[in-house]
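Student: I would like a close look at one part of this model. Please take me through it step by step.

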Amino acid sequence: MPPKSYTDISDQQVVVFAQEGREDAYRELIRRYERPVYSLIYRMVRDNETSEDLAQETFIKVLNNIDRYRPEFKFSSWLFKIANNITIDHLRRRQLDTISIEGAPSAVTGESMRATAIAVASGGESPLEELESRELGASIEEAIAKLRPEYRACIILRHVEDYSYDEIAEIVKLPLGTVKTYIHRARQELREHLEDLK
Amino acid sequence: MIEHDFDEDFTPIAAELQRLPYLSPSRGFADRVISRIDKLNPSVALAPVAGKRHLELEQGGQAPIRRRKVGIVRVAGTAALGVALVTVGAFMFMGIDILTAILAAGASQYALVIAAMSAEAGALVLGSETIGYLQAGALEAVLLYLTLAVGLLGGYAGIRTAASIARRKAA
């Protein structure tokens, strides 16, 4: 019996309904993860259009293979794993370099730079706090953008998505030791970049 | 909150990382994804049919036409015919002289018998008068040969057409 609302239902249960071919279950999975997946991809490629294409490719791949999902794993880990693979493949193909917070590498005009620059959301602070928060947030974004793509994925999964080292190793398909090293180095580099910005 | 496994001086950065906002894809993202899900859009699933090996052909909404099963007798017959043709080919290639000699000997020895049997068979099918006419070698005989050929081809075409109509009606 399909539920009236999916709000209190676990990912695994929603997946079961999706496996039965229920469109509302597919939509619920997209609703839950479109922003985290898009954000991860955006912070790795730094281009709106490309991020949207890659996020779309991720969801299409995952949802078209929903019957192969194994419930002993977290659905979100599987989704991030596919997103990371697709993004890393894209970066390898395009060999994109790290770029500035001011916009995507393809952005040459002021308008395109504004369009591709990261918009940091307000958290309901005072104008001054908001400005400081925006500046700090922008600095962090800039520092992340300077990291190697592999470091970016690991540090975002660890500090933004709260994944454990084991889960990150599973997602990025790297040995646990390598993941720990990447995160350690990423932290070090973030610290250095942010020191430089002060 | 994740486990605190970093130096104190990284704490403010970790806090900032946790405060990073989620970014949203453009409006209609979910619709675009949904429109590409095979299970929800069977037409999408049918699109890349070129790669599928066993296609079922649909005819005007009728039941799919099943692939014809290849029977064991048919396979054995085809194989036997193939072997025979290869053997004859090899024999003709390697022993053409022997074959010619055998055929020549047979033809010379049984020429009269073969001719008589052919005449008997012809008379049975076409009638003795027609055979006499053909053996005369006249212009009328040539016309008769042509008429026979046209009749044979016409008959064959007629049978094919009738079979095709019957098949269509049965479907």
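Student: How do helix 3 of chain A and helix 4 of chain A lie to each other: parallel, perpendicular or oblique?

Tutor: Keep in mind that this is a predicted model. Start with the axes. Those of helix 3 of chain A and helix 4 (residues 75-94) of chain A come within 9 Å and cross at roughly 135°. An angle over 145 degrees would count as roughly antiparallel, and 65 to 115 as roughly perpendicular. Helix 3 of chain A and helix 4 of chain A are therefore oblique to each other. Their crossing is right-handed.

Now find the residues that touch. Helix 3 of chain A brings A:L54, A:E57, A:T58, A:K61 and A:V62 to the contact. Helix 4 of chain A brings A:W78, A:L79, A:I82, A:A83, A:I86, A:T87 and A:H90. By class, this contact of helix 3 with helix 4 of chain A has seven nonpolar, three polar and two charged residues. Look at the spacing along each helix. An α-helix has 3.6 residues a turn, so residues three or four places apart point the same way.

Next, a second pair in chain A. The axes of helix 7 (residues 149-159) of chain A and helix 8 (residues 165-172) of chain A come within 10 Å and cross at roughly 140°. That angle makes helix 7 of chain A oblique to helix 8 of chain A. The crossing of helix 7 and helix 8 of chain A is right-handed. On helix 7 of chain A, the touching residues are A:A153, A:C154, A:L157 and A:R158. On helix 8 of chain A, they are A:I168, A:I171 and A:V172. This contact of helix 7 with helix 8 of chain A counts six nonpolar, no polar and one charged residues.

Stay with helix 8 of chain A. Its buried residues are A:E167, A:I168, A:I171 and A:V172. Seen down the axis of helix 8 of chain A, they fall within an arc of 120°, so they line one face of the helix. After helix 8 of chain A comes A:K173, with a positive phi near 55°.

Go back to helix 7 of chain A and pick out A:I155, which lies in it. A:I155 has 25 other C-beta atoms within 10 Å, so it is buried. Set aside the neighbours of A:I155 within four places in sequence. A:I155 is then in contact with A:I144, A:L147, A:I183 and A:A186. A:I155 and A:V179 are 24 residues apart in sequence, and their C-alpha atoms are 9.4 Å apart.

Chain A also meets chain B. The contact takes 32 residues from chain A and 26 residues from chain B. On the side of chain A that touches chain B, helix 2 (23-45), helix 3 (48-64), helix 6 (127-145), helix 7 and helix 9 (176-197) of chain A each supply at least two residues. Helix 2 of chain A gives the largest share, eleven residues. The residues on this side of chain A divide into 16 nonpolar, six polar and ten charged.

Finish with chain B. Chain B has six helices and zero strands. Of its 171 residues, 4% count as buried. Take helix 1 (residues 11-19) of chain B, where the buried residues are B:I13, B:A14 and B:L17. These cover an arc of only 100° around the axis, which puts them on the same side of helix 1 of chain B. B:T11, B:P12 and B:A15 are exposed on the other side of helix 1 of chain B.

Notes. Residues numbered from 1 in each chain as written. Chains lettered and ligands numbered in written order. Predicted model: local features only at pLDDT ≥ 70, side-chain atom pairs only at ≥ 80, totals over all residues. Axes fitted to C-alpha atoms, helices over the stretch in contact; angles between N-to-C directions. Helix = DSSP H or I, 4+ residues; strand = E, 2+ residues; numbered from the N terminus. Parallel < 35°, antiparallel > 145°, perpendicular 65-115°, else oblique. Left-handed = near helix turned anticlockwise from the far one by under 90°. Contact = placed C-beta atoms within 7 Å. Nonpolar A, V, L, I, M, F, W, Y, C, P; charged D, E, K, R; others polar. Buried ≥ 20, exposed ≤ 12 C-beta atoms within 10 Å, placed from the backbone. Arc of directions from axis to C-beta.
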